[in-house]
Amino acid sequence: MTSPLLLPLQACTDPTLVGGKAVGLARLLAAGFPVPPGICITTAAYRQSLLRAGLKGDQEWELVCTSPAGERNRTLAHWQSLIRNLDISDLEVAWTTALTALGFPTNIRWAVRSSATNEDSGRQSFAGLYRTHLGIAMDSLGITVKDLWASIWHEQIVHYMRERGSLHSVPLMAVILQPMLNPLAAGVAHSVHPVTGRSFQVVIDAVPGLAAPLVDGLAPPDHFVVDRWGEQKPSWIRRRSIAHKSNRLTVTDTGLRWEPIPESDRHRPSLSDEDLFAVVCAVKGVERAFGFPVDVEWAIDSETLWILQARPITEVRPSAEMTNDDCEWSRTNLKETMPDVPSPFGLSLMERFMEDHIVAPYRKLGCHIPAGMTSTRVLYGRPYLNVTLFHMLQAQVRSDPSLLAEHMGGEPITVAPPVTPLPWPSFLRAAFLMMLEIRYVVVHGPARFVEMKKVANRYSPSFIASLSLRETIAHLEELRAWFQQRELTFGIAGGVAQCLQVLHRLLPRWLGADWRALFNVALQGQGTVISAQQILRLAELAHIARHEPVAASFFATHPWNPAEFRNVLQDTTFLRAFDAYLEDYGHRAVGESDVMAPRFADQPEAILAVLRAHLHTSAQAPGDILARQARARAEALHTIKQRLGWRLHRWWIYRWWDRRLRQFFALREANRHHLMYVSLATRRLLLHIGDLLVSEGIFDAQDDVFFLTLQEVSRLGQENTQDWRSVIRARRAERARNEALHPPDTIRDWETAFASLSESACHTNVDLLSGLPISAGTASGPVRVLRSPHDWTWVQAGEILVTPVIDPGMAPLFGVAAGIIAEMGGMLSHGAIIAREYGLPAIANVKNAVTLLRNGDLVHLDASSGTVRLIQPNSSSSPL
């Protein structure tokens, strides 16, 4: 049977007759996608025309493939010339008749596209190698068709096929003729990420007008990366890069024409979000219809999203597995216990801790963690927590991951990836294992805490002083191995999270809209949170100093020199009480999770400054503070019981979970408090290593040791020729550069994070800020912005502290502050637990509070509603 020379697009089902591109268009039409109508000049027409010129095709192709390069190029050029001079007038008459039957105006322009038999196949696409001609008049179609036929006989086609081992297959050329569109925007979309293969990301490049300048590399496109999981609607525009556009290519009755874009539109995106999501859905629909990843050329006019072609993506292996680059990251939880830019040793210790004591236990429960995904990552010297990973882990164990931001602080996750919960048998196993972890903490926690405190006593300065370098490193390794067997954080966090998950489900329904405020007040003043107890100890110290003349005189002196306190206060009751305080709390610090951070015992002047602020106000006596907390707690519990009404079982349920939560809050703070004893022992060992290496001329300063990683410190005792001085100097310089930068606290797209440094915002008067209430109460007072411990000396009693995070090391300030506003924090943050226990009004997650408020601004803080109202801005430019 004679093969047809022309076929309508919908009939193009035989790839040997119409080529890969035409088959793709026919499949698109059959699947219901809008494709411009047209016809295909088949490979039969191509073969017939070659035979008229005395070319059989097969023999000539074999000759081309076996000829040396120089001879091959001459042969190809000769055959291209023969093809361009073919007489195909009878074929022109046939396609003119077929195109006229489509019913378009006689002056319409045409798109002429290649459709070779080796094009757009599953193994090779030939993208960009064969030709497309746009804006062709009807009477010029013959020349254009022959040019496409001749494009097969080109060196780059031979080279491409040789590279893929397919020279044995003789390519044939069909040609597609379609009417030109005049789109508002056009471009290319990949149904999977063309570089990484991520199957949940659609990558779109778009330009105004026709897409030819984009395809030919003549115009920079708007670039979009959109996340789309499974059959869900597009969920998030992960990346949006808008190009400057000065001209667009359009089609007119006379052909293609460049038109200037109005100045006001040159920086606008080519696509609205609605159109962008429509393209995403369309390209994923094509992928589903074809059964493999595709790149799609598309165009949008005033009425329709047209699909112009679809071809397989052949150079990448699709994967639905997420990587670190696909996750969202936050400094929450880490920022509150580490300096803004931690030391290299602190970062390496943190990374090891997270892997060994947080991620590994989740694996033990049976949770799936994608290969290569980590719980932390560092940008510009600052650690970030993988909130996407923890969202996935919470969902797998059938907890509510939407509560993560409230519990941990930071911003809610933007894109929630689909997660398959653990099957019920696996979940029950995980629940049993978690129950054992929690039970172990309750039973053995207090004994473990005693052991941790003994560690600090064992590694006393006098014991360490006699150790050699190798002995010190050996003790450091021994301490780490000892700690591995006694760490309790995962079980404690599980107990707290379990209680909060249950109460968060029950209390909004049982207590009403203000449940959180009541709940926070009812949590205060139990006297079991060790970190909050130091506030009462400071109040006791202030009481002693106020009634002891020598101490009172010392704190009232102007100018005040806290460095002389031991000489001035020798043999006083205050100094003995102060030393007892340092014995119990001197191992704590601001940014204490970094062993490089000086402890309170190293710099007691900061605590003395807080005590001085106590003495400059009529601070409450410790007994009065406890009485105030007890009254507030009793009133809150009475209100809760009234609201629960006659349903006594609800009251019993609430009290059971309330007592359990208090128990784990106390354990959480006791755990941190005693972990810092292990940190103190580690710090002492490291500083001794620093001293030894300074004496050997290997280090310049004692604290150089903190600029090495955990693994590098382990190698110090080995014979090696490493130039540690150069390494440390480079890291000190890098840390100094990082400290001058202002990266965001939340990173939605890691791949663009390095370009997302924020400038310090100018002060702007704002009437109202809002955040997450984490400790109930109201307060009014002047703002005191705290960016570092150096700002402590300026704190005055009754001020509202405004800080990036509530570091648990800030607890000494809580006794003089009226309230706290933090840019980041959550219900489970250590600072929140301490503030609630003490009864200090506090709001977290107040975005840009440190830059929007300034010292001296008078504000009203309402930690019931989570609002901060500016009463009167400070007009002075003074920072004090």
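## Salt bridges

Arg458 and Glu478 form a salt bridge, with their closest N and O atoms 3.2 Å apart. Here a salt bridge means a side-chain nitrogen of Lys or Arg within 4 Å of a carboxyl oxygen of Asp or Glu. Because Arg458 sits in helix α13 and Glu478 in helix α15 (residues 469-484), the pair ties together parts that are 20 residues apart in sequence. Helices are DSSP runs (H or I) of at least four residues, numbered from the N terminus.

Now meet Lys284 and Glu287, whose side chains also form a salt bridge (3.2 Å, N to O). They are 3 residues apart in helix α9 (residues 273-290), so about one helical turn separates them. Are they buried or exposed? Lys284 is buried at 6% relative accessible area, and Glu287 is buried at 17%. Buried means under 20% relative accessible area, exposed over 50%, and partly exposed in between (1.4 Å probe, protein chains only). Across the whole structure, a search finds 44 salt bridges.

## About the model

This is a predicted model: local features need pLDDT of at least 70 and side-chain atom pairs pLDDT 80 or more, while totals for chains, interfaces and linings use all residues. Residues are numbered from 1 along each chain as its sequence is written, and side-chain values use heavy atoms, leaving out hydrogens and water.

## The lining of the largest cavity

Which helix supplies the largest share of the lining of the largest cavity? That is α27, with 3 residues. The lining divides into 4 nonpolar, 2 polar and 3 charged residues, and Phe665 and Glu837 are among them.

Technical notes. 1 Å grid on protein atoms, 1.4 Å probe; cavity = no way out; pocket = protein on both sides within 12 Å on 5 of 7 lines; lining within 4 Å. Helix = DSSP H or I, 4+ residues; strand = E, 2+ residues; numbered from the N terminus. Nonpolar A, V, L, I, M, F, W, Y, C, P; charged D, E, K, R; others polar.
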